[in-house]
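I opened my notebook to go through this structure piece by piece. Here is what I looked up.

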Amino acid sequence: MMKEKSLVELPVVCLLRSREAYEQLIDCLSGGNATKRVDLYGAVRATMLAEGNTRFRHDDIDAALSAALTPYGSGRRDNLHTLDFLAEIAREFLMLDGGQYRVRAARLLDYHALIKDIHPAFLIGVLQAQLLRSGEIPVAALVNALADQCPLALPPASPERPFADNHVHLGGVSVSNHPLMAFALGKADLKTNQRGPDNYRARHALARDGRLGPLTTHYAVITRHIIEWASRSGSPEPDRKALAIQLREAAPAERRTPVETLADSLGTTHQRTVRQELLLHMCLHLERDNAGIAFQLMATLVCYLFLTLPPTARHLRLCLLAFIHATHLIRSNLIMEGIGLVAFRTYFNSQAKKATSKVFSNRQRWQFLIGDGNLADAKIGRADVASLQQTAREIAAMPVRAATPIVPHPWLRYHLSLHFFRSSNRAENADTPAFSGNAKWNRPKRGHARYAAARRWALHNAREWRKLLGKTSVAGEVLIEGRRLMQEVTSWIRSFDVAGDENDLPIEVFAPALRLLREKPLMQYVRGLRVAPRRNLSIHAGEDFSCLLSGMRHVDETVLFCNLGENDRLGHALAVGVSPHVWAERQRIAYLPVQAHLDNLVWLWRYASMLSGSLDIAGKMAPSLQRRIEFFRDKAGETQTPEILHRAWRLRRNCPLAIQLWEAGEPVGDALYRIPDLVERSDIKSSSEYQVLLRYFYGARDQARIVHLHLGTRGEPDQTAERLVDHLDAGDLDLIEAIQDYLITEYDRKGIVIEACPSSNVFIGRFHDYTEHPLFRWRPPLERDLEPGGCFNRFGFRRGPATVCLNTDDPAVFPTTIGSEHFLMKDAAMRRFPISRALAEDWIEAIRVLGVDVFKRSHQYVLYREVEDAARARFYSMDAS
């Protein structure tokens, strides 16, 4: 949940993203009548009232909008706004620094919230256009400066102090300039019936039922019209009739490149106008596959034309406005808006993003991540030797600063994490047969188990990945520290992950596959047998939840079921950092299936019993938890004690598919990793917890019975009609907070690192501001806060700060960089705590160093071979064959 827009920002955002205003512009252009009245004021006012109706007075909205729509000398409000409002905002937030525009340090937080809605390319573009109009800078100098310009105008990285991004999805790396350039050139068409994300359709009610096809088609047509006019000398008359026909028929723009258009217009002339110079450099960058810079030049061109065209050139001004509006409407399909991973998936998997996935190549993704000297551990969903070798070659050839002891070779600045993906499509209910608790239960046929399809898929992938990782293929030939080296490309895969919505599939589905992947010795042959280096785990857990207890249990399951330890990492882990009292106050009620609620109570009871000797509140709450367990176990068809239920929960780390083979007396492949408890315990078959486990694995899931969990109120569990009711009161919430502190300390003692992704958590989560992020609880700037009785150690379990690193997660969906994540949290620290700038910088510098150290500890196991040895190995291999 991002910072709410003020009355200053709201008119600008609504002006640029008003679908009704855009429709009026298109209706006017498609009618071929440029004199038709366009009531932008009325359209934007309607949008503003819809967005700000509950926070601002109507006459204040009118005054703010009037200030944005600058009137002309006649005193009448002009129907076509100028770009003065955009230039004013750009000057407020950005500063010119050596040819590049950077956000002012004091305005970083507000700017970060602003660029979610306003494309930075136009903030940069309007300032560049003003310089060009005044003649203060030639086009060539402006273009040369763009090579080092951050497309988001965020703070640059320093080669002497690199940042490490240890949690970033390679498929989620992008800058909206690239897909927008593809749409503008008609290279990423969408079908007319393809729809935008759910939140986009709800926000833009006039979006023709959310269809994206006409919008992107019009965008390409308008772009071509602007380029054709700008490429010609003088003041030619635009072809209004042809544009109107193309817009009415929604016909794709002619497949004619800007280069061809510009070549026809320039001919042999040597005198070029500013707009032609901008077009020429845009074409050159398109030819060089620099779509990001090309779009920035297109935005600058549009702003320059708008600033230099006379008010009488109404048709062209309409086209320029339509281009600006369409850009922001398309971009709003790509930037996350909403709460929760379900909303996130609609943006990450949106048709607009998929249509442009090939436009932003992996080479460009790596350039974005490590091109300025930073380090990155990127997550990928699939890999093979050929793709790994191609990545190695592309990274070795990246146009980066010369490799020095300060900026090492690109190969030393990246590695990969291979991840499973949780998907409810792989958890079909059909995998679980119907089961009646009153009928005699017969063991089901092989394969009929909870989440059976997903378990088979995970195990298959694990075995295929082991085959891949057993290979020792090399790639490249680079000079690193005076040695000519080739790299074993599979050694670049340094960790495994499980990504996606943990509410869809629990970690128990993937735990056997993960244990098999990294705990079973992997043999490789390089001039003799060797054991491959052990890989780490970096698993998403506790990121999104309706009930905080479910999120905490998911984190603990991840640690226990997957055997997390030294140098392993927890992705997000918000559930062990969010304040229970704040969560309860905001959530008020949580809804969850009865089995999940019973699991949560059993898990909470176990920790309460374990801590009762050192924590008074734990001893007081344990009997109450036991009574509630007895109430809800009956609803879930169980009769066992809380201790037995907890033991059965721990047994869920075993694979039910392997259990069926084991019970039938058939051989179980990799039994030690798939069913470790059955291998280690000879008496397990006769135990009560094992029978509970079998009912859980093979019994019917009652997802229809939902518990209404009231938060912050006192009450006994109850059942009225079909509704089950329970409560978490202040005592429960105190106990939950104490257990969080205990888990933070225990995980840190094990050597587990927490991967914090502030912008991702603010966009997806329920945080109102960066100051609310759990980073400050895990690793506070003030040591006194972790002293016994301190605000982050109320119960005395904390022994010091946790090991945490900052990351970006998906910088395409949440517009950010790894550097800005650190700057944002430094700013948040100064706003939340009574500390100086120097103390905040020392605190964030320590976190930066921790992130670099986490990366290097993992990267040390990437393997290289001397070129002579590699060549000799290939020769002997060929001779043997």
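Against which helices do the buried residues of α27 pack? I found that they pack against α23 (548–561), α25, α26 and α31 (688–698).

Before going on, I noted that this is a predicted model, where local features need pLDDT of at least 70, side-chain atom pairs count only at pLDDT 80 or more, and totals for chains, interfaces and linings use all residues. Residues are numbered from 1 along each chain as its sequence is written, and side-chain values use heavy atoms, with hydrogens and water left out.

**Entry: helix α27**

I listed the buried residues of helix α27 (residues 642–650): Pro642, Ile644, Leu645, His646, Ala648 and Trp649. Buried means under 20% relative accessible area, exposed means over 50%, and partly exposed is in between, using a 1.4 Å probe and protein chains only. Helices (H or I, at least four residues) and strands (E, at least two) are DSSP runs, numbered from the N terminus. Contact means heavy atoms within 4.5 Å.

**Entry: the cores**

Next I looked up the nonpolar cores. Such a core is a set of buried Ala, Val, Leu, Ile, Met, Phe, Trp, Tyr and Cys residues joined through side-chain atoms within 4.5 Å. The largest one has 235 residues, and Trp366, Phe420, Leu514 and Trp583 touch the most other members. Helix α15 (residues 291–308) gives the most to this core, with 14 residues. A second, separate core has 19 residues, including Ala658, Ile659, Val668 and Phe697. In soluble globular proteins, nonpolar side chains tend to be buried together.

I then checked Trp583. Leaving aside neighbours within four places in sequence, its contacts include Phe545, Cys547, Leu711 and Leu728.

How many residues of strand β8 are buried? Seven of the seven residues in β8 (residues 493–499) are, so the strand is largely enclosed by the rest of the structure. Two strands pair if DSSP finds at least two bridges between them. Strand β5 (residues 414–421) pairs with β8 in the parallel sense, over six bridges. Here Phe420 has Val498 as its bridge partner in β8. β8 also pairs with strand β11 (residues 536–541), in the parallel sense over two bridges. Phe496 stands opposite Leu537 in β11.

I picked out Ser417 in strand β5. Ser417 counts as buried, because its relative accessibility is 0%. Not counting residues up to four places away in sequence, Ser417 touches Asp377, Ala378, Lys379, Ile380, Ser495, Phe496 and Asp497.

I traced a sheet of four strands. It is open, has the order β13-β14-β16-β15, and its pairing is mixed. β13 (589–593) and β15 (718–720) are at the edges with a single partner strand each, so one side of each is left without a neighbour in the sheet. β15 pairs with strand β16 (residues 723–728) in the antiparallel sense, over three bridges. Gln719 has Leu724 as its bridge partner in β16.

I also traced an open sheet of three strands, in the order β6-β7-β19, with antiparallel pairing. Its edge strands are β6 (474–480) and β19 (864–866), each pairing on one side only. Strand β7 (residues 483–488) and β19 pair over three bridges. Met486 has Arg865 as its bridge partner in β19.

**Entry: Arg466**

I found Arg466 in helix α21 (residues 452–469). Is Arg466 buried or exposed? Arg466 is buried, with a relative accessible area of 14%. Arg466 and Leu517 are 51 residues apart in sequence, yet 6.5 Å apart in space, C-alpha to C-alpha. The side chain of Arg466 reaches the backbone oxygen of Lys520 at 3.1 Å.

**Entry: helices α25 and α32**

Last, I looked at how helix α25 (residues 594–611) packs with helix α32 (residues 730–750). The angle is about 75 degrees, and the axes are 11 Å apart. Axes are lines fitted to C-alpha atoms, for helices over the stretch in contact, and angles run from 0 to 180 degrees between N-to-C directions. α25 and α32 are therefore roughly perpendicular to each other, a term for angles of 65 to 115 degrees. Residues of α25, among them Trp603, Tyr607 and Leu611, meet residues of α32, including Leu735, Ile739 and Leu743.

Definitions and conventions
A polar contact is a pair of N or O atoms within 3.5 Å; within protein, one must be able to donate a hydrogen and the other to accept it, and residues adjacent in sequence count only if both atoms are side-chain atoms. Angles under 35 degrees count as roughly parallel, over 145 as roughly antiparallel, 65 to 115 as roughly perpendicular and the rest as oblique.
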